[in-house]
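Open the model in your viewer and switch to a cartoon view.

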Amino acid sequence: MITKIELKNVVPFSDGLIIDNLHKINYIYGANASGKTTLSHFLERTDDEKYTDCSIEWENGIKVETIVYNRYFRENNFGKSSIPGVFTLGQATKEEKENIEKKNEELEEIKKEGIQKKKTKESLQIEKNNVISVFRESVWKTIYKKYEDVFSTAFDGYKGSKENFRKKLCEEQSSNKSVLKSIEDLKAKAEIVFKKSPITYDKIQFIEYGSIVSIENDSIWNKKIIGKADVEISKLINKLNISDWVHEGISHIQKDSKICPFCQKETIDDDFRTQIENFFDDSFVADTATIKSLSDSYFQNTNTIITLLETIETKEKQKPETKLNLELFSAYINTLKTQLNSNNELISNKIKEPSRSIELKPSNEQFVKITDLINQANQEIEKHNNLVSNIGKEKEQLKEEIWKYLVEENHDVIQAFTKKDSGLQKGIDNLEKQRLELLKKYNVLNSEIKDLNKKVTSVQPTVDEINKLLDTYGFTNFKIVPTKTDANQYQIQRENGDNAQATLSEGEATFITLLYFLQLIKGGTTPEKVNEKRVVVIDDPISSLDSNVLFVVSSLIKEIIKDIRKGDSNIQQIIVLTHNVYFQKELSNMYLLKECDHGMELNPHYWILRKKNDTSNVVYYEQDNPIKSSYELLWRELRESRENNNSSCLTIQNVMRRILETYFKTLGGYKDDDILNKFDNLQEKEICRSLVYWINDGSHCIPDDLYIEQDNEMITKYMDVFRLIFDRLGHLNHYNMMMKTD
């Protein structure tokens, strides 16, 4: 059964709508466009993506099939050439029906027992949660707060969570094997171990500088790289010592040009080109290539190592307690950078002038100094980390000893909680085991019932019932019959055998759709569904119907509701939505169960959907039908004035006059004298006459003079006479009914 419906972000419930406290029988009245169809469509299609923010709550969390009658129902079932058949028990024998009924009763008992187990389990879970909550608050206050300042470090990881602290206590009680120390010893040790909490440091990265030193020591830097000596032109080049100048210049000689890049005259011939190429032979080219390669490698390696050293310097400066001698380290880096920059400049010159011999400044000594500083720092870091590691062990041992003391000091309290918590958990586990066993029995029995239904169900009784109702209520020019191709499918047929589905009037289609729906909720589209529990939603079933059919429809639905109230139905809940006041009144015109009948909850509950500024909201009236006649409202006002004893004299006079005029004069044909003559006692007659004059005078005019309000005692006397009128005229039962008195 649905207990709560919440609609959000869907027109016309953009601001949200909650229908809570739903019961077995529910009437929801609302004008057109107030959202009834949206509500019924959601109950039918809860998985539609447009209802993502909407939700339904089910009693005991058990969801059952929801069958909805609305305009979509007609479109889905009567918009095709055939209609799905409805299976019912049909011609089953008495024994078969009794067997199915008996098994259904067993199934219901298993379900009730399962629900009860679940409720008991949830109750135990609530009790368990309460026990945990009380214990949690207690130990937080009496243990954590008491030792928070003294043993703060021991509580790391549990300071921000009362629940984690509680769990830690329970774990330590069962697992802590430390030797129990006195509180004095623990406090003294905490002063030493917890006073300072050093951290471990990463060692400084080792620097690899061998490739730089190797390049610096290469003999190529001292070698004068010049051209080949046995070439004729070499004499001139060597004599003028212009080997580097010529080498630089040949790059400017164009391939097909005879123009000299130096004198700009046509002096470049093939012989000259050949001599130049022979002068700068393979040996020259190889040596210059070596210089270029070493230069690139040196530049890249020196940049990388300087970046690494500067990174080390920055990181160590950020440490609160660095083990590196930063003063010397920074000085060595600056010296090294100067040396390396100078070497890079010399190498650059060597590339430009290969014939020049250069001497690179060795950086090995400076690298050794830097490496020594790093090694010294790493040795100190290792010592520091070993110390921290030992302190960590001491700290962990102290923490265990502190927790040991705490659980022993509070042994009785923790043990009492653990025992109770464990007992409740065993009860919860046992109930869950029993619930699962019941669920297994339920599934087996439900399967048996479905198999029995398959054997005894049929679609023919539905055909017979619908046709009987059509004939009874004057719809004689068509009927519903099984199709020729499939006996489990229906079609609507005229008297001449033609398919009437496309030619039905709006009213005819609505009526037969409703009859089909009412049969569907009693059976199922498959044999297995015949006895399934379900929720039924009916949205405006009298739309497009004549006024006289309204009473037929209300009568049929009231029969369904009567079965629900008697417990003779597999329908767990019904929700009826309508915009028709008369239909609402007709449905409400049922015998109401009294509290002594133990059936107050089986009386209808009422809601009204109201739309304002394009947004709908709902008002709950409990079991008080808000759709009433003006005559009923007069009696309600009279009842409230009697119960509250606070109504105005003028209001009471008008109410009494209108009731007497409506009931006795308009409907009964009585006159004032006819009413007075029913009183034999002269004194009572005069009191009645006084009442008649009083209510006529008070309700038709307001004195211009000073008005004096009648006291409550006088109003009470006239109320008594008002009742006496009904008694004397033989209509006391009507008075008692309208005043809701026994």
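Which residue in β8 stands opposite isoleucine 83? Select tyrosine 490: this is the β8 residue that faces isoleucine 83. Bear in mind that the model is predicted.

Now widen the selection to the strands around this pair. β6 runs antiparallel to β8 (residues 489-494), with two bridges between them.

Next, select residues 605-612, which form strand β11. Its parallel neighbour is β3 (residues 25-30), joined to β11 over five bridges. Zoom in on glycine 30: leucine 609 is its bridge partner in β11.

Pick tryptophan 607, then look across to tyrosine 620 in β12, which stands opposite. The hairpin of β11 and β12 has two residues between the strands. Click asparagine 613 there: its phi is positive, near 55°.

Last stop: asparagine 580. Look in the loop between β10 (571-578) and α17 (581-588). Is this residue buried or exposed? Asparagine 580 counts as buried because its relative accessibility is 18%, and the cut-off for buried is under 20%. Show its surroundings, leaving out residues up to four places away in sequence: asparagine 580 touches Tyr29, Ile542 and Leu550.

Technical notes: Residues are numbered from 1 along each chain as its sequence is written. This is a predicted model: local features need pLDDT of at least 70, side-chain atom pairs count only at pLDDT 80 or more; totals for chains, interfaces and linings use all residues. Side-chain values use heavy atoms; hydrogens and water are left out. Helices (H or I, at least four residues) and strands (E, at least two) are DSSP runs, numbered from the N terminus. Buried means under 20% relative accessible area, exposed over 50%, partly exposed in between (1.4 Å probe, protein chains only). Contact means heavy atoms within 4.5 Å. Two strands pair if DSSP finds at least two bridges between them.
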